[in-house]
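Visitor: I have a structure to look at and have not seen it before. Could you put it up and take my questions?

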Amino acid sequence: MNQINQIIIIPVLLPLASAIAMIFFRRSVPLQRIIGLVSSTLMLAAAVWILGAVISGGMLTMQAGGWRAPFGITLVADLLSAVMIAASALIGLTTVIYSFAVIDKEREKFFYYPLLQLLMMGINGAFLTGDVFNLYVWFEVMLISSFVLLVLGGTPAQLEGAIKYVTINLLSSSVFLAAAGILYGIAGTLNMADLARISPQLEQKELLAIVSILFMITFGVKAAVFPFFFWLPASYHTPPIPVAAIFSGLLTKVGVYALIRFFTTVFPHESGFINGVLLVASALTMLIGVLGAVAQYDIRKLLSFHIVSQIGYMIFGLALHSPLAIAGALFYIVHNIIAKTNLFYISGMIERITGTFDLKKSGGVYARYPFVAVLFLVSALALAGIPPLSGFWAKFVVIKAGLGAEEYIVTGVAIFVSLLTLFSMMKIWNEAFWKEQPQTVAADAPNRYASMGTAGKLMLVSPVILLALASILFGIFFEPVFRIAESAAVQLLDPESYITPILGRKE
Amino acid sequence: MTFLLALVIGCLYAAGIFLILRRSMVKVIFGLILLGHAANLLIFTVGRLTKGVPAFVPEGSAVLGGEFADPLPQALILTAIVIGFGVQAFTIVLFKRTWLTLGTEDLDLMKKTDELPRE
């Protein structure tokens, strides 16, 4: 076995080790911060290393405990996983830095940083695992950390949001469990590569269809696909901004990742019917999400509805099921992780400056801090899809694939929704940046940004600049990035390329 | 036996879904717990029931022969029970905390996070 394969355990072990270390130093918040920063930086380095290794040398696989493939637990990093790991490591690092600036002392004392690391462990594990039941376990690791992060602080709004979030996620987990059980009953294996090999030959087509629908429901809930999205705008605006940002950037994308993984690699022959359902769901997700967003006056709620709307585009790409469309969806995921998280960070900055998340009471940021306005504009226009930023290419590819597949109605919806996206971004621009802050509000809203120290300002602004730069760079250097997405899509649509490295070439 | 278990699973699912649709938080927790049980029993049943034949390799032989109870679904259930236990314990604490903070356990009254702000 090639030694380099072992590096794919790092994204799981590193956050776990640092979380445990932090718990030992529970009384010393500065030490926890240092451990968090070091571990997140190392994590990003490891993720880039893995991505590089996968691009140059093909898929990495590791059999936990040395048990051979269908029997043990397999960890796999193909291009899709490696890209997702890299994107989530970037978000993990920026969230840790941003948290230094804004998270209050109380939360820091109550294991905020260890929880963040455990959340990253769950997310990375979900991206890397090659086993369906193991995916369930990673989902639970991720969920329980997110539950605690969501309620940490215990304000009434947080608790209310958490009830909805926890209930719907537990329900979805029990559906996942049932689906995994039935799948094992049919196929006798839960290893993804083994399933990909066996599923075309299975006799019980009807049961397999039911199982794939159950999986679609459970991942649909996690990804906030229509009609399973109501929990998201009800809960994501309640926790502090860094938590909301990392949730919005990564958690729903784990659901999208699982959908893509299942309906390309694991059930390659079940996709016909599912794609039809996903296509309709994607159109409704885009439309309902953006219409919800347009109506909002709380920045965080507006952005939460936008998460839903953007998920629609990714599902659209998956539903079209051509190499171009899936490559577009993958590019879209990466673009959205970066742009969306950054918009949440910026909404936190707006709140610092104007003292409110309410757009009606907000205002005057452009006059006071033009650079914040520029940073917002980069991310907002990237989200709306203005060239040359990353969002333009993401939408361009997905829409081109939609036209190629002659799905004119859904493609039309996608274009219309992107117009409304621009409209709602301009709404934030007009209300928070352009207009004067109402005098009555401005008088008793202290500018908490101005009173921060230089170090605090730096920690607040540097993640935003980093992610805005990433949005611009992905737009300018679109071609090399898209090549990676394209080869990832080709890999996904060819189950053999996933099966052979894991199970070996036999029969 | 399989038929009987299928019946039990069906009843558990029905009861669980009925309960999570109630307005009281306590009933929602009960519903979630029942759904967890239903899923565990489902795994147990679809993993094929084989009575009295543990998966032990007989003495002198190197492989399992004949019919035996598949240990994997049982391992899956064990994992799921442990995870479910932890998550349910957390949920109970969360719901109690919510009750203490908001002073109500009627889910219909908890719609502050969904409402648009008043003019």
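Guide: What follows is a short chat about confidence, the chain contact, salt bridges and backbone geometry.

Visitor: What kind of model is this, and how are things labelled?

Guide: This is a predicted model, in which local features need pLDDT of at least 70 and side-chain atom pairs count only at pLDDT 80 or more, while totals for chains, interfaces and linings use all residues. Residues are numbered from 1 along each chain as its sequence is written, chains are lettered from A and ligands numbered from 1 in the order in which they are written, and side-chain values use heavy atoms, with hydrogens and water left out.

Visitor: What are the ipTM and pTM?

Guide: The model scores ipTM 0.91 and pTM 0.92.

Visitor: What should I do where pLDDT is low?

Guide: Where pLDDT is low, the predicted coordinates should not be read in detail.

Visitor: What about chain B?

Guide: For chain B the mean pLDDT is 86, with 94% of its residues at 70 or more. Helix α3 of chain B (residues 71-102) has the lowest confidence there, at a mean of 90, and helix α1 of chain B (residues 2-20) the highest, at 93.

Visitor: Different topic. How many residues does each chain put into the contact?

Guide: Chain A and chain B each bring 37 residues to the contact, where contact means heavy atoms within 4.5 Å.

Visitor: What area is buried between them?

Guide: About 3100 Å² is buried between chain A and chain B, and carbon and sulfur atoms give 74% of that. Buried area is the accessible area (1.4 Å probe) that two parts lose on being put together, summed over both. A:Glu160, A:Ile163 and A:Tyr184 supply 20% of the area that chain A buries against chain B, more than any other three residues.

Visitor: How many salt bridges and polar contacts are there across it?

Guide: There are zero salt bridges between chain A and chain B; a salt bridge is a side-chain nitrogen of Lys or Arg within 4 Å of a carboxyl oxygen of Asp or Glu. One residue pair is in polar contact between chain A and chain B, both residues at pLDDT 80 or more. A polar contact is a pair of N or O atoms within 3.5 Å; within protein, one must be able to donate a hydrogen and the other to accept it, and residues adjacent in sequence count only if both atoms are side-chain atoms.

Visitor: Which helix gives the most on the chain A side?

Guide: On the side of chain A that touches chain B, α7(A) gives the most, with 19 residues. That side divides into 23 nonpolar, nine polar and five charged residues. Here Ala, Val, Leu, Ile, Met, Phe, Trp, Tyr, Cys and Pro count as nonpolar, Asp, Glu, Lys and Arg as charged, and the others, Gly among them, as polar.

Visitor: How many salt bridges over all chains, then?

Guide: The structure holds 11 salt bridges over all chains. One of them joins the side chains of A:Arg33 and A:Glu108, at 2.9 Å from N to O. A:Arg33 lies in helix α2 and A:Glu108 in helix α4 of chain A, so the pair ties together parts that are 75 residues apart in sequence.

Visitor: Is A:Glu108 buried or exposed?

Guide: A:Glu108 counts as buried, at 1% relative accessibility, whereas A:Arg33 is partly exposed, with a relative accessible area of 22%. Buried means under 20% relative accessible area, exposed over 50%, and partly exposed in between (1.4 Å probe, protein chains only).

Visitor: What does B:Arg23 pair with?

Guide: B:Arg23 forms a salt bridge with B:Asp108, with the closest N and O atoms 3.5 Å apart. The two are 85 residues apart, B:Arg23 in the loop between α1 and α2 of chain B and B:Asp108 in the segment after α3 of chain B. Salt bridges that share partners join B:Arg23, B:Asp106 and B:Asp108 into one network.

Visitor: Last one: where are the cis peptide bonds?

Guide: The bond from A:Phe226 to A:Pro227 is cis, with omega near 0°, and A:Pro227 lies in the loop between α9 and α10 of chain A. Another cis peptide bond joins A:Pro387 and A:Pro388, with omega about 5°.

Methods: Helices (H or I, at least four residues) and strands (E, at least two) are DSSP runs, numbered from the N terminus. pLDDT is the predictor's confidence in each residue, from 0 to 100.
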